[in-house]
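Hello,

Here is the structure you were waiting for. My notes follow below it.

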Amino acid sequence: MTPFHGPYDDGDYADGNALAGPLREIFAVDLTAASGRCAHCGAEGPVALLRVYAHAPGLVARCPSCTEVVMRLVRGPNSAWLDLRGATSIRIPLGVE
Amino acid sequence: MARLVERRAETPSAQTLVLDVPDWPGHLPGQHVDVRLTAEDGYSTQRSYSIASASDGSRLELTVQRVDDGEVSPYLADVLAVGDPVELRGPVGGWFVWRHTDTAPVTLVAGGSGIVPLMAMVRTRRAAGSKALFRLLYSVRTPQDCIYADELRSRARDDFGLDVAYVYSRQAPQGWPGEPRRLGVADVNTHGWPADFQPACFVCGPTGFVETVADILIALGHEPRRVRTERFGPSGP
């Protein structure tokens, strides 16, 4: 169906807005507006502001303050793996959408 | 499953795809969809595209900037034909969105095809009869790269409370006062709302552009929580 070339489009990273679709497959609410606290440096901010690297197998989201990994998401054929070791907490606004 | 019903050339490298999506639930301006392409051998890949249109029944418009070595955008821009199916997921995103019930003034800053989700906000504003005051600052390389040029010209005239200003980074139109240059502090200060007005600020464009503009807005005294950004990257438009 498609003429595919190289592995990426241009640019080095996107931001957490790009996690909206992949996370919405797992969670019933939008998580990009949720606020996370980085386990490494303690910075707190919306998931939408994380730096998202899609080059890896899966998505790697890094803290915009210290660049440590906050979240990893890998989608397999029958399951999704979500690694949140880099986040101390995530505060999810409810009833907003 | 969506279907392409029409395509429009916006610039030499950008196309608007008009899709019909049965059971589309509606969307907020600023939201995006994830478009998935699957090859015959089963390899599949997806990209996020901002929605360009205001919510309107089952009709949905995306504007796709062709990235020449990209995997997805050349296919959408050049190959996909009217009547072809398109696999998409959405609408998604709940942070980089404007709600027409919000009455605060709005500053929009677009770099290149970063205009797309901001145009959805401009279109929704009028469709919803919002009186929120909007200022749009749009940075393009050359006049030929200006997406929605005609529509922006007529909206700047007809949409009461909408101001539109341009910055040309490579080549300015004939008769333009000043030289082509990158967008700077003076542009944001002159064409955006002052921080005292507590505007909602939306910035969309390539990563470097967005970071520069966000830093300028913060330096001008805007609260970080009122500055919402969306960057293009490997999975962006």
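Buried residues make up 37% of the 97 residues of chain A. Please keep in mind that this is a predicted model. Chain A holds one helix and eight strands, and from the N terminus on its elements follow the order β-α-β-β-β-β-β-β-β. Of the chain A contacts with a separation of 6 or more, 49% are between residues 24 or more positions apart.

One sheet in chain A is worth a look. It is open, antiparallel in its pairing, and built from three strands in the order S3-S2-S8. Strand S3 (44-46) and strand S8 (87-91) of chain A are its edge strands, each pairing on one side only. From one strand to the next, the twist averages 25°. Strand S2 of chain A covers residues 35-38 and runs antiparallel to S8(A), with four bridges between them.

Now chain B. This chain has five helices and eleven strands, and 50% of its 237 residues are buried. Among its contacts between residues at least 6 apart in sequence, 72% join residues at least 24 apart.

As for overall dimensions, the C-alpha trace of chain B spans about 55 × 40 × 30 Å along its principal axes. The radius of gyration of chain B is 17 Å, which agrees with a compact globule, because a globule of 237 residues would have a value near 18 Å.

Regards

Technical notes. Residues are numbered from 1 along each chain as its sequence is written. Chains are lettered from A and ligands numbered from 1 in the order in which they are written. This is a predicted model: local features need pLDDT of at least 70, side-chain atom pairs count only at pLDDT 80 or more; totals for chains, interfaces and linings use all residues. Helices (H or I, at least four residues) and strands (E, at least two) are DSSP runs, numbered from the N terminus. The radius of gyration is taken over C-alpha atoms; the globule rule is 2.2 Å times the number of residues to the power 0.38. A residue is buried if 20 or more other C-beta atoms lie within 10 Å of its own, exposed if 12 or fewer, and partly exposed in between; C-beta atoms are placed from the backbone. Two residues are in contact if their C-beta atoms, placed from the backbone, lie within 7 Å. Two strands pair if DSSP finds at least two bridges between them. Axes are lines fitted to C-alpha atoms, for helices over the stretch in contact, and angles run from 0 to 180 degrees between N-to-C directions.
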